[in-house]
Amino acid sequence: MTGERRPLAPRALTEPHPSRLPPEHPDRERLLAAHAAALTAGEAGYLDPATGLFVLTAGFLARRGTCCGRGCRHCPYVDD
């Protein structure tokens, strides 16, 4: 549900839900490395190395406090 406050999913912010970044994704390790670097630096996001699109980090999304329902790669609320 969008806009509704709900608890974070029971996983580390560094681990995206498999429906958002499958284990078999060919760029998974590069994406996770870029995400981890942005988290460590306290940045809101990073540039996807393959597409150049800006991707929000799980930390930024968690601080926002709600799920927007737009299918974010690192959504910390997805738990199903």
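Predicted model: local features only at pLDDT ≥ 70, side-chain atom pairs only at ≥ 80, totals over all residues.
Thr57 is placed in the loop that links S2 to helix H2 (58-64). Its relative accessibility is 1%, and Thr57 is therefore classed as buried, the cut-off for that class being under 20%. When neighbours within four places in sequence are set aside, the residues in contact with Thr57 are His35, Ala38, Leu39, Glu43, Ala44, Gly45, Tyr46 and His74. Two of these contacts, Ala38 and Tyr46, are also members of the largest nonpolar core.

That core consists of seven residues, namely Leu21, Leu31, Leu32, Ala34, Ala38, Tyr46 and Val55. Helix H1 (residues 28-41) supplies four residues, the largest share of the core. Nonpolar side chains tend to be buried together in soluble globular proteins. Within the largest core, Leu32 touches Thr14, Pro16 and Leu21, residues up to four places away in sequence not being counted.

Pro49 is found in the loop between strands S1 (45-47) and S2 (54-56). With a relative accessibility of 40%, Pro49 counts as partly exposed, because this value falls between the 20% and 50% limits. Apart from residues up to four places away in sequence, Pro49 touches Arg30 and Leu31, and Leu31 belongs to the largest nonpolar core. The C-alpha atoms of Pro49 and Asp79 are separated by 26 Å, the two residues being 30 residues apart along the chain.

Conventions: Residues numbered from 1 in each chain as written. Heavy atoms only, no water. Helix = DSSP H or I, 4+ residues; strand = E, 2+ residues; numbered from the N terminus. Buried < 20%, exposed > 50% of the residue type's maximum accessible area, 1.4 Å probe, protein only. Contact = heavy atoms within 4.5 Å. Core = buried A, V, L, I, M, F, W, Y, C linked by side-chain atoms within 4.5 Å.
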